[in-house]
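Okay, thanks for coming, everyone.

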Amino acid sequence: MGDGDYVRPSWDEYFMEVARAIAKRATCDRGRSGCVIARDHQILATGYVGAPAGLPHCDDAGHEMRKMLREDGSISQHCVRTVHAEQNAICQAAKRGVSIDGATLYCRMTPCRTCAMMIINCGIRRVIAERRYHTAAESEAMFHEAGVELEYVIDEVEKYENQ
């Protein structure tokens, strides 16, 4: 009848797996990312990383890289052609008139500073990230101060080229 070894996924595992599937639509190979926003065991909005609607994607036009000087003197590189998966999910909710207040957000890496600020202001209470982003400390501190719970599925830093 049933598979004796099968373990039904938790809700967090389920929504993270959906975020991984959504990430397959991403159009920037620097961390193809997907996002799910859920509340009460229901998906409210989704998003993936890509250029704004109607503009060229990284996969077609290449990356639009910018260097950022960090406070510690280190330099990190970022592609600025794209809208982040978290931003696209929040925009989708706004466009459709869906409240995400009190929801949980599932994503591939620690949200960046801008995404963290948006997440806080949207009333999202929990963030589940698959891995740490290489410049996660600032977002982690903001979430802590704002009372947003942040959990990692795998407690290691996501690696990709030109960080």
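Let me start with what I'm calling an aromatic pair: rings of Phe, Tyr and Trp (its six-membered ring) pair if their centres lie within 6.5 Å, and planes under 30 degrees apart count as stacked, over 60 as edge-to-face and the rest as tilted. By that rule, the structure holds 4 aromatic pairs. Trp11 with Tyr14 is edge-to-face, at 5.7 Å centre to centre and 85° between the planes.

Quick housekeeping. This is a predicted model, where local features need pLDDT of at least 70, side-chain atom pairs count only at pLDDT 80 or more, and totals for chains, interfaces and linings use all residues. Residues are numbered from 1 along each chain as its sequence is written, and side-chain values use heavy atoms, with hydrogens and water left out.

Back to the rings. Trp11 and Tyr14 sit 3 residues apart in helix H1 (residues 11–23), about one turn of the helix. By helix I mean a DSSP run of H or I, at least four residues, and by strand a run of E, at least two, both numbered from the N terminus. Trp11 also pairs with Phe15, and that one is stacked: 5.8 Å between centres, 25° between planes. Those two are 4 residues apart in H1, again about one turn. An α-helix has 3.6 residues a turn, so residues three or four places apart point the same way.

So which of these rings are buried? Buried is under 20% relative accessible area, exposed is over 50%, and partly exposed is in between (1.4 Å probe, protein chains only). Phe15 is buried, at 3%, while Trp11 is partly exposed at 40% and Tyr14 is partly exposed too, at 38%.

Next stop, helix H4, residues 113–122, whose buried residues are Cys115, Ala116 and Ile119. Looking down the H4 axis, they fall within an arc of 100°, so they line one face of the helix; the arc is taken from the directions from the helix axis to the C-beta atoms. Their cover includes H3, strand E5 (104–109), strand E6 (126–131) and helix H5 (137–146). After H4 comes Gly123, with a positive phi near 85°.

Last one: Gln87, in helix H3 (residues 85–96). Gln87 counts as buried, at 15% relative accessibility. What does Gln87 contact, leaving aside neighbours within four places in sequence? Thr114, Cys115 and Met118, with contact meaning heavy atoms within 4.5 Å.
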